[in-house]
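Reader: Could you take me in for a close look at one spot on the inside of this one, and tell me what sits around it? Keep it chatty, please.

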Amino acid sequence: MKLNKKKEVKIILIVVLVVIISALGLTLFFLKNDSPKKVENKNNTTKKTTKPEEKLKIVDLNSNSRPYAVMINNNKAVWGYQAGLQDAYITYEMIVEGGITRMMALFKDKDTARIASVRSSRHYFLDYALENDAIYAHIGWSPQAQSDIKKLGVNVINADNSSAFTWDNSLRKIAKEHRAYTSIQKLKEAAGKRGYKTTTEKGLLLSYQVKPLDLANYEGAIPANTVRIPYSTSHLTSYSYDPTTKLYKRYQNNIEHKDYVTGLQYTAKNIITYKVHNYTLNDGYSGGRQGLNNIGSGEGYFISEGYAVPITWEKSSRSSKTVYKVKATGEKLIVNDGNTFIQIQPDSQSLTIE
């Protein structure tokens with residue numbers, strides 16, 4: 001049967017329209033699939049990369065382990081035979097009888113294999129073991145220290161209650177009392193056998209900052225390239241700043257203070273120095289044991305990275321922490337990431353910072 005002309009035209013138009021629509025649909029389909037796909041974030045946020053947080057190197061802020069405080073002999077006979085001090089995060093130095101000094105080194109989360117030379121306790125060092133809640137290691141004691149250890153309940157490791165110490169008989173050139181050494185492993189074993197608590201809730205004495213402090217802009221800051229801290233007419237502790245390492249090289253009587261094991265000169269990142277009054281005890285001992293008026297308050301300096309900043313210090317009791325503040329602002333002192341030597345100097349002596 002024949003279709004009239006109008007119907008034929010209509011059918012042709014419909015067919016053409018269908019073909020055009022189909023072609024357009026296919027074109028759009030291929031264009032859509034050929035274009036790069038956009039990956040959407042489910043939370044509709046841009047993903048950012050963050051740098052890992054920098055951590056302190058000198059101490060682990062997440063650790064609650066108790067430190068070990070070890071009495072370090074500083075008789076001239078042992079210069080060159082001392083060991084392990086670079087691993088200490090804090091080292092105290094104070095006057096004792098005969099115009100010499102003795103040190104107390106604090107170790108936390110270290111595995112130091114040789115700490116030398118270990119000597120006897122003096123009662124005012126106990127105050128600084130207590131302020132750090134440290135397990136206190138020594139060989140021998142003054143009568144005052146012996147009494148105070150018991151009275152204050154200090155956890156001690158000594159030659160009488162442990163086998164934590166070894167006398168190095170290869171060092172026959174020095175007297176036997178100067179040859180004793182210990183290690184962190186031996187101290188841990190001794191603490192375990194004594195049943196001492198090995199964790200603390202007291203926290204760190206000092207506050208540290210990873211980013212270097214801009215001490216040059218602190219009020220009252222002065223250049224500190226050389227620091228001289230005499231303790232008596234026979235003992236001088238001094239430091240020289242090395243701008244390359246940003247550390248202070250340590251000297252005793254102008255002699256490089258070196259480690260027996262590594263042969264390297266000791267260095268300090270931070271130095272805290274202040275003066276207290278010392279006096280000779282009337283205890284019948286001809287050697288002249290000392291006492292210190294170290295409970296109270298005063299002024300001193302915080303020294304680091306080539307500058308010295310005036311500070312204040314306050315210690316309200318034998319077991320309380322010494323509180324250090326920036327003198328100009330009254331704000332709590334923050335120190336650089338590194339080891340600290342705390343130099344408690346007789347008030348009769350001069351201090352030179354240049």
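Author: Helices and strands here are DSSP runs numbered from the N terminus, with at least four residues (H or I) for a helix and at least two (E) for a strand. Keep in mind that the model is predicted, so local features need pLDDT of at least 70 and side-chain atom pairs 80 or more, while totals for chains, interfaces and linings use all residues. Residues count from 1 along each chain as its sequence is written, and side-chain values use heavy atoms, without hydrogens or water.

Gln82 has a relative accessible area of 0%, so it is buried (under 20%; exposed is over 50%, partly exposed in between, with a 1.4 Å probe and protein chains only). Its contacts (heavy atoms within 4.5 Å), leaving aside neighbours within four places in sequence, include Ile72, Asn73 and Asn74. Also touching Gln82 are Met103, Ala116 and Ser117, along with Gln252, His257, Lys258, Asp259, Tyr260 and Tyr266.

For another take on burial, look at helix 3 (residues 143–152), where Gln144, Ala145, Asp148 and Ile149 are buried. They cover an arc of only 130 degrees around the axis, so they lie on the same side of helix 3; the arc uses directions from the helix axis to the C-beta atoms. Helix 2 (126–131), strand 5 (135–137) and strand 6 (156–157) are among what covers them. Turned away from that buried side are the exposed Lys150 and Lys151. After helix 3 comes Gly153, with a positive phi near 70 degrees.
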